[in-house]
Number of protein chains: 2
Amino acid sequence: LAAPQALDLLDDAALLQVSGTLVVAADAMVAGVHFLPDDPPDLVARKLLRVNLSDLAAMSADPVGYLMTISAPRDTDAAWFAAFADGLAQDQRAFDVRLLGGDTTSTPGPLTLSLTILGRTLQPLRRAGARPGDGLWVTGTIGDAALGLLVLQGRLPDPTGHLAARYQLPLPRLELKLGGVASAGLDVSDGLVQDVGHLCRAAGLSAAIEAVRVPLSDAARVAGPGWLETVLTGGDDYELAFALPQAREAELVTRAAEVGITVTRIGNFMEGPPNVQVVGPEGRELALARQGWQHF
Amino acid sequence: LAAPQALDLLDDAALLQVSGTLVVAADAMVAGVHFLPDDPPDLVARKLLRVNLSDLAAMSADPVGYLMTISAPRDTDAAWFAAFADGLAQDQRAFDVRLLGGDTTSTPGPLTLSLTILGRTLQPLRRAGARPGDGLWVTGTIGDAALGLLVLQGRLPDPTGHLAARYQLPLPRLELKLGGVASAGLDVSDGLVQDVGHLCRAAGLSAAIEAVRVPLSDAARVAGPGWLETVLTGGDDYELAFALPQAREAELVTRAAEVGITVTRIGNFMEGPPNVQVVGPEGRELALARQGWQHF
């Protein structure tokens, strides 16, 4: 798995040259909290890598490499580690990123993983910067992962397997490169409404989301309108949400078509205290019980 | 704690410019494995940061910043986090390094910490590169931390508190900057004999350590020769061990004096299959039951 810059993982650290601006982020995942202890190890590995790659996508950055620490119960067997490494190898190829270093320890508790991703960009995208009149856009479809979690909990049918797959294996939108095009952006990890709220607070603006415009997969559509709140607040989408000046719309649509990513305008930003209003099918504001995922 | 480049920890990643070669490493620490659950939180924080800084010292690099993930039991109270952050703040000032990002999650298991350190260097030091005839040198004193662990376990007296302090709070040797002076080096974390073995394997050489030359603190000397094997194999020293051509000895000694770090020649490298021979006071090879710390 190791990159040449990892020096065969024999030194105390990896050495690398990075041109442009360095972009760094870290995420942890704990068995029983972020995944189930008997989830397929290759999917666990790939999800951890992909949620971190999604942070790079959010900043309009390309991957450089990653470091990972694994704290594993002593009874974790070699087959588990082999499958875990196979998953990493597969996504290393898919996303052109390699291991730079890390640490393996034992733990008397659940398997705990931590990954630090390194990327580079010439034109970063920030959370702050949305302007009044900007459109609010998202990539792909929203809500599949939150519904997929319900599927895995046996609370929802999923005849095509699409929803569960979207929960287990997010797709980081690295190709879109919104730096210099969008005025602000992030990846939707905590839930659409909460994450749009982050864009609002960073800009000192309010936003309105038109619920009917939120793009749904066929599988989510089949689940029905009763799950709308889950779709809007459930999290784990790892799509991008961003603010786009109207003057850049043609450029965005061309670029998105080139890389095969769908983009949808779901609302807009306006003057007003930081707040996210969700407008329902009849033009009335929807009242939501919660906005998204609580980290702790 | 956050660096300006951390963007107030509000974005998906930190953005930074790094000149020279980027140096990255990561280490994890688990309560009950690497520290005791009721250890002072500020010392836990500072040790985690310092063991990572020691990896930079080993590579002859300066700190740039760090990312940390914390997986904490839900009953971890605010006072614990406050003391932990105070410890980080103290060492951030001491070592001119700041937080770049991270993640906080809950865990049903023990407190688990992971830290990724970023550094920069113009002249890295590698593990590979020792040459036959190079001297084997170490900084500071060896064995204090391993004896300090025995003190904390109630197995050894420590009237001055020196040994326990050295276990709880290693001192990364960042000032020495051996790149371009030493031919190879690392930090002694797994135990002197095992880590010198790493230098040997990387170079395809053997090494001899003269036990009487291994520098001991007054406190370690008081503990007595019965603990020699613990001193040589116990680990957690976070001193530097390095190979030095005889022609560079004067330069090393001058530099070490300038930064106030003691350096001691404890042996030498020679042709031969990778192996570490420890020569005792009577010139006989010492037989050691183990070479050092097993990671997993």
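1. A word on terms before the interface: buried area here is the accessible area (1.4 Å probe) that two parts lose on being put together, summed over both. On that count, chain A and chain B bury about 4500 Å² between them, with 58% of it on carbon and sulfur atoms.

2. Housekeeping: this is a predicted model, so local features need pLDDT of at least 70 and side-chain atom pairs count only at pLDDT 80 or more, while totals for chains, interfaces and linings use all residues. Residues are numbered from 1 along each chain as its sequence is written, chains are lettered from A and ligands numbered from 1 in the order in which they are written, and side-chain values use heavy atoms, with hydrogens and water left out.

3. Contact, meaning heavy atoms within 4.5 Å, involves 57 residues from chain A and 57 residues from chain B. Of the interface residues of chain A, 100% are also interface residues in chain B, so the copies meet through the same surface.

4. Across this interface the rule finds 4 salt bridges (a side-chain nitrogen of Lys or Arg within 4 Å of a carboxyl oxygen of Asp or Glu). One to look at is D11(B) with R126(A), where the closest N and O atoms are 3.2 Å apart.

5. What supplies the chain A side? β1 (14–16), β2 (21–30), α1 (41–58), β3 (62–72), β4 (99–106), β5 (112–121) and β7 (184–188) of chain A each give at least two residues to the side that touches chain B. β2(A) gives the most, with 9 residues. Helices (H or I, at least four residues) and strands (E, at least two) are DSSP runs, numbered from the N terminus.

6. Strands also pair between the chains, which takes at least two DSSP bridges. β1(A) and β2 (residues 21–30) of chain B run antiparallel over 3 bridges; A14(A) has V24(B) as its bridge partner in β2(B).

7. Over all chains the structure holds 26 salt bridges. Within chain A, D62(A) forms one with K177(A), the closest N and O atoms being 2.7 Å apart. That pair links distant parts of the chain: D62(A) sits in strand β3 and K177(A) in the loop between α4 (162–168) and β7, 115 residues apart.

8. Finally, S189(B) lies in the loop between β7 (184–188) and α5 (192–203) of chain B. Leaving aside residues up to four places away in sequence, S189(B) touches D195(B), G235(B), D236(B) and Y238(B).
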